[in-house]
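Subject: The structure you asked about

Hi,

Here is the model I promised to send over.

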Amino acid sequence: AADIYENIAEAAFGAKQYERTKTEAARSLAINEQQKRWDRSLENLYWMARAEQALGAHADAKKHLTTAKGRVAEAFPKDAEEEAEWNRRVDEALAGEEAPPPPADAIEERSKSKTNERRVERDLLQFLSEDTKDVR
């Protein structure tokens, strides 16, 4: 469920739906933190912060990026290359550099069927509601 929320958040960011990005990333973050999935929670914090930057909420963005920065080493204890990549991404965000587009797979997942989008989204949200009852 957390990964689905994250994909929706990234796709929403790509569509410039920044409030939705924050909402879906926060949902994913709650699940990932509960499950101690630090690599995923790092990504959630990053996209929340990027959305906040786009909305002009720079203090909130800095808070989330600072938390993310502190989590990088914990998220990738055995992967120096991934750790370096995330340090770079978070540092660029802290420096105010523009966010890169989200991964193509997140956008593709969100836009596979424009004609059935409302039905698919309703089905996904129903699934997520049932799947996450214990983390609300």
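Let me start with the largest nonpolar core of this predicted model. It has 22 residues, and those touching the most other members are F13, L42, Y46, L65, W86 and V90. By nonpolar core I mean a set of buried Ala, Val, Leu, Ile, Met, Phe, Trp, Tyr and Cys residues joined through side-chain atoms within 4.5 Å. Buried is under 20% relative accessible area, exposed is over 50%, and partly exposed is in between (1.4 Å probe, protein chains only). The elements giving two or more residues to this core are α1 (2-14), α2 (18-34), α3 (38-55), α4 (58-75) and α5 (80-94). Of these, α3 gives the most, with seven residues. In soluble globular proteins, nonpolar side chains tend to be buried together.

Two housekeeping points before the rest. Residues are numbered from 1 along each chain as its sequence is written, and side-chain values use heavy atoms, with hydrogens and water left out. As this is a predicted model, local features need pLDDT of at least 70 and side-chain atom pairs count only at pLDDT 80 or more, while totals for chains, interfaces and linings use all residues.

Overall, the protein has seven helices and zero strands, so helices and strands here are DSSP runs (H or I, at least four residues, for helices; E, at least two, for strands), numbered from the N terminus. Of its 136 residues, 35% count as buried. Among contacts with a separation of 6 or more, 63% are between residues 24 or more positions apart; contact means heavy atoms within 4.5 Å.

Now the helix pairs. α1 and α2 pack at an angle of about 160°, with their axes 8 Å apart. That makes α1 roughly antiparallel to α2. Axes are lines fitted to C-alpha atoms, for helices over the stretch in contact, and angles run from 0 to 180 degrees between N-to-C directions. Angles under 35 degrees count as roughly parallel, over 145 as roughly antiparallel, 65 to 115 as roughly perpendicular and the rest as oblique. The α1 and α2 crossing is left-handed, meaning that the near helix is turned anticlockwise from the far one by less than a right angle (clockwise would be right-handed). On the α1 side the contact includes Y5, I8 and F13, and on the α2 side it includes Y18, R27 and I31. By class, this contact has nine nonpolar, three polar and four charged residues. For these classes, Ala, Val, Leu, Ile, Met, Phe, Trp, Tyr, Cys and Pro are nonpolar, Asp, Glu, Lys and Arg are charged, and the others, Gly among them, are polar.

α1 also packs against α3, at an angle of about 25° and with the axes 11 Å apart, which makes α1 roughly parallel to α3. This crossing is left-handed too. D3, E6, E10 and F13 of α1 meet R40, E43, N44, W47, R50 and A51 of α3. Here the residues divide into three nonpolar, one polar and six charged.

The axes of α4 and α5 come within 10 Å and cross at roughly 165°, so α4 and α5 are roughly antiparallel to each other. Their crossing is left-handed. Among the residues that meet are L65 and V72 in α4 and W86 and V90 in α5. The contact has eight nonpolar, two polar and four charged residues.

Leaving aside neighbours within four places in sequence, W86 is in contact with L42, E43, Y46, V72 and F76. Not counting residues up to four places away, R89 touches Y46, W47 and R50. G96 is in the loop between α5 and α6 (104-111) and counts as exposed at 55% relative accessibility.

Which residues other than glycine have a positive phi? K16 has a phi near 60°, and K36 has one near 55°. Most residues other than glycine have a negative phi. K16 is in the loop between α1 and α2 and is exposed at 61% relative accessibility. K36 lies in the loop between α2 and α3 and is exposed, at 58%.

Cheers
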